Amino acid sequence: MNQNRPTFYLTTPIYYPSGKPHIGHAYSTVMADTIARYKRLRGFDVRFLTGLDEHGQKIERSAKAKEMEPIQYLNQLADTFLAVWKQYQIEYDDFIRTTEERHKKAVQTIFQKIWDNGDIYKSEYEGWYCTPCEAFWVERQLKEVDNQRLCPDCDRPVELVKEESYFFRMSKYQDRLLKHIEENPDFIQPTSRRNEMISFIKQGLEDLCVSRTTFKWGIPVPINENHVIYVWFDALSNYITALGYGSDDQELYQRYWPADVHLVGKDIVRFHTVIWPIILMALGEPLPKQVYGHGWFMLDSGKMSKSKGNVVDPVELANKYGVDAMRYYFAREMTAGQDAYYSEESLIGRINTDLANDIGNLLHRSLSMVERFSGGVVKKASPEAEGPLEKEIQALAEKVVHEYSTLMDKYDLSGAHGAIFKLVGRMNKYVDERAPWALNKKPEARAELEAVLYHMVESLRLAAILLKPVMPNIPQKIFAQLGIVDREDLQGWEGTLWGQFPDGVTVQKGEPLFPRIDPATLQGDAEAESSSPKVAKTEKKGKAAEQKMTDTKANDTVTTTVVPEGAAQSAIEATQPPTTEAVAENLPVMDPLLPEITIDDFAKVDLRVIEVVEAERVPKTEKLMQLKVKLGDETRTVVSGIAQYYTPEELVGKKLVLVANLKPAKLRGITSQGMILAASNNGVLEALTVTKDIPAGSRVK
Ligand code: MSP
């Protein structure tokens with residue numbers, strides 16, 4: 001703790017450990033950790049709190065179902081959560097469990113204080129309760145389907161509860177809360193959530209039942225041990241009990257409260273912007289500066305839920321694709337305020353596009369060219385050698401740093417990371433425009449060449465700084481490859497000013513940091529479809545992206561594209577990672593030749609001319625096109641990974657070549673009866689066409 005620095009206190013929700021964490025939990029925690037690292041980079045004295053919400057009926061029931069004592073059950077799950085956060089390199093300052101003494105005592109103090117000042121009273125509760133959400137509802141708020149009353153938040157059946165209870169006078173604070181929200185537009189963000197809450201509060205706040213008697217797993221009400229404190233009253237208090245509120249040591253509380261931001265999922269914004277501020281008002285304590293409600297990661301099949309058995313495991317994904325790539329995907333994929341759709345295909349797409357093709361390629365090209373054209377040494381650009389394009393790059397770099405920080409300050413992680421890739425994308429184009437390989441052939445263009453190489457490495461240095469909060473490992477590797485790993489002064493926020501890359505540094509080219517992942521290696525077959533999609537697994541765990549994925553694993557619960565066996569070199573994979581030579585000279589890349597086969601081997605492949613009669617994109621995929629093709633008298637359905645290269649209109653009427661005797665396979669639920677042949681290289685793809693009048697169905701030999 002440094003007393004002179006400004007403080008920044010942020011929190012995640014405390015998770016119910018009613019199962020292993022899934023990617024939704026990982027998302028919130030990665031988001032918080034990225035913001036925490038960003039604020040540290042900006043010089044703040046950051047305090048980052050996360051933890052577990054361990055009381056309540058839901059936990060009691062889950063433990064019972066496992067025939068375990070609640071605490072035994074919780075300890076096991078707490079270890080699992082801690083292990084996942086360790087894997088994701090989450091640097092929290094405190095991890096609170098609500099079963100800890102420090103929390104329980106402080107919650108009782110909070111309850112007692114509010115009782116003493118008259119805002120809690122005893123009465124009888126009769127109403128509805130949703131145990132999965134641990135939420136009370138009144139009749140008018142419920143949904144009704146087939147004569148069954150359902151929770152309006154999660155659509156699950158509610159239970160009728162009738163018991164003696166303590167009530168919290170929320171209604172008394174309704175107007176004060178509304179005024180606070182109206183006068184502080186930043187209190188609830190994004191704005192859409194703010195509007196939802198305003199209309200919710202305007203419908204009228206009921207007093208809240210804050211104790212239960214029908215189960216035991218909770219913190220006893222200090223004035224009546226037959227009651228346990230309502231789990232949300234208990235849980236929300238964690239944000240101050242973790243700072244020592246209600247204990248003898250007030251130092252942390254004095255320093256960090258009020259919180260700068262509570263990051264929460266959209267479903268629990270209501271608890272954080274209604275119940276929590278009113279608890280604080282009743283205590284006479286300041287309110288948090290902001291509650292930020294992020295969207296959800298959804299699956300094509302809808303919500304992830306344990307009961308549906310479709311939760312996606314963040315551990316397995318980090319083992320396959322690496323922690324930095326996963327963290328980046330989380331940050332980039334969810335547009336602020338909206339939901340995001342998870343699929344392994346979108347994950348691979350994001351890794352390949354942004355990381356392999358954009359920054360990985362720029363790094364690879366830059367280092368190769370510095371080695372080839374400048375003996376591995378970066379020369380400071382001389383101002384005379386800088387033309388309008390260089391000025392444009394410098395201005396863009398400045399703009400991107402500004403945009404990144406503005407968006408990070410608003411917790412718009414997707415926008416902020418998108419900004420970084422505006423620079424990276426522009427740089428790849430800049431390299432093509434400036435063609436250093438051509439400058440290298442002209443001795444008189446030496447200074448110009450050095451300036452171009454300088455702009456390439458300098459923009460990479462800046463991008464690596466901006467990627468530090470989201471990626472705990474790769475930026476260090478970029479600095480190492482750029483030859484500046486020991487120069488911490490060039491890696492911090494002050495380093496984001498253009499032009500600090502020193503003269504005469506020798507680069508240290510190493511392994512590609514983001515090898516491209518071949519989506520076609522997400523192998524599967526027709527039988528594997530839907531019930532248990534097969535997912536390609538790397539041979540060595542932890543460095544997935546570096547190996548070819550060959551092996552398959554059944555019973556996995558992640559959503560994935562199922563690709564026909566043997567499709568690894570098909571049109572699905574459109575681009576190859578360019579080699580150094582190819583990049584420097586802009587040459588195409590050639591795959592290694594395959595082992596010799598006999599004419600009989602070849603004759604087993606039945607290639608036919610087909611005519612496309614209908615074409616449409618497969619919904620929610622970027623690459624897949626569904627085709628109806630004519631083959632003699634027969635009409636077949638074929639799914640092909642060519643949607644990024646053709647419009648449906650372009651394909652209809654075309655004669656293409658089909659592998660007609662390939663075992664049918666299901667892709668996204670559609671049975672594909674064959675595979676279209678296509679050639680691809682360096683981001684270009686063309687399906688093989690027959691232009692003369694040769695009827696559909698004719699053999700290709
Ligand atoms: N224990 C309460 C929070 C108490 S905070 C004082 C709780 N726990 S939870 O485990 O059910 O959910 C924790 C967080 O995970 C919530 O913010 C919730 O929105 C988030 N997510 C749950 N599923 C999610 C996705 N599929 N996607 C993104 N976040 C999701 O609620």
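Here is a short walk through this predicted model, point by point.

1. Some ground rules before you start. Residues are numbered from 1 along each chain as its sequence is written, and side-chain values use heavy atoms, with hydrogens and water left out. Because this is a predicted model, local features need pLDDT of at least 70 and side-chain atom pairs count only at pLDDT 80 or more, while totals for chains, interfaces and linings use all residues.

2. Let's begin with the whole protein. It has 21 helices and 31 strands; these are DSSP runs, helices being H or I with at least four residues and strands being E with at least two, numbered from the N terminus. Of the 701 residues, 57% are buried, where buried means under 20% relative accessible area, exposed means over 50%, and partly exposed is in between (1.4 Å probe, protein chains only).

3. Next, surface and contacts. The protein exposes about 29500 Å², and carbon and sulfur atoms supply 50% of that (areas come from the Shrake-Rupley method with a 1.4 Å probe, and for residues only the protein chains shown count as cover). Take the contacts between residues at least 6 apart in sequence: 74% of them join residues at least 24 apart. Contact here means heavy atoms within 4.5 Å.

4. Now the ligand. Its shell has 23 residues, and the closest are I14, D53, G265, D267 and F297; a residue counts as near if one of its heavy atoms lies within 4 Å. By class, you'll find 13 nonpolar, 8 polar and 2 charged residues in that shell. Nonpolar covers Ala, Val, Leu, Ile, Met, Phe, Trp, Tyr, Cys and Pro, charged covers Asp, Glu, Lys and Arg, and the others, Gly among them, are polar.

5. Which atoms pair up with the ligand? A backbone N or O atom of G265 lies 2.8 Å from a ligand oxygen, and an N or O atom in the side chain of W296 is 3.2 Å from an oxygen of the ligand. A polar backbone atom of G24 is 3.5 Å from a ligand nitrogen. The protein covers 94% of the 670 Å² of accessible area that the ligand has on its own. The elements giving two or more residues to the shell include β1 (7-15), α1 (23-41) and β14 (261-265).

6. Have a look at K39 in helix α1. Is this lysine buried or exposed? K39 counts as buried, because its relative accessibility is 7%. Leaving out residues up to four places away in sequence, K39 touches F8, F44, V46 and D409.

7. 6 bridges join β22 (residues 607-617) to β23, antiparallel, with E611 opposite K630. On to β24 (residues 634-640): 7 bridges join β23 to this strand, also running antiparallel, and L631 partners E634. The hairpin of β23 and β24 has 2 residues between the strands, and G632 there takes a positive phi near 65°.

Notes: A polar contact is a pair of N or O atoms within 3.5 Å; within protein, one must be able to donate a hydrogen and the other to accept it, and residues adjacent in sequence count only if both atoms are side-chain atoms. Two strands pair if DSSP finds at least two bridges between them.
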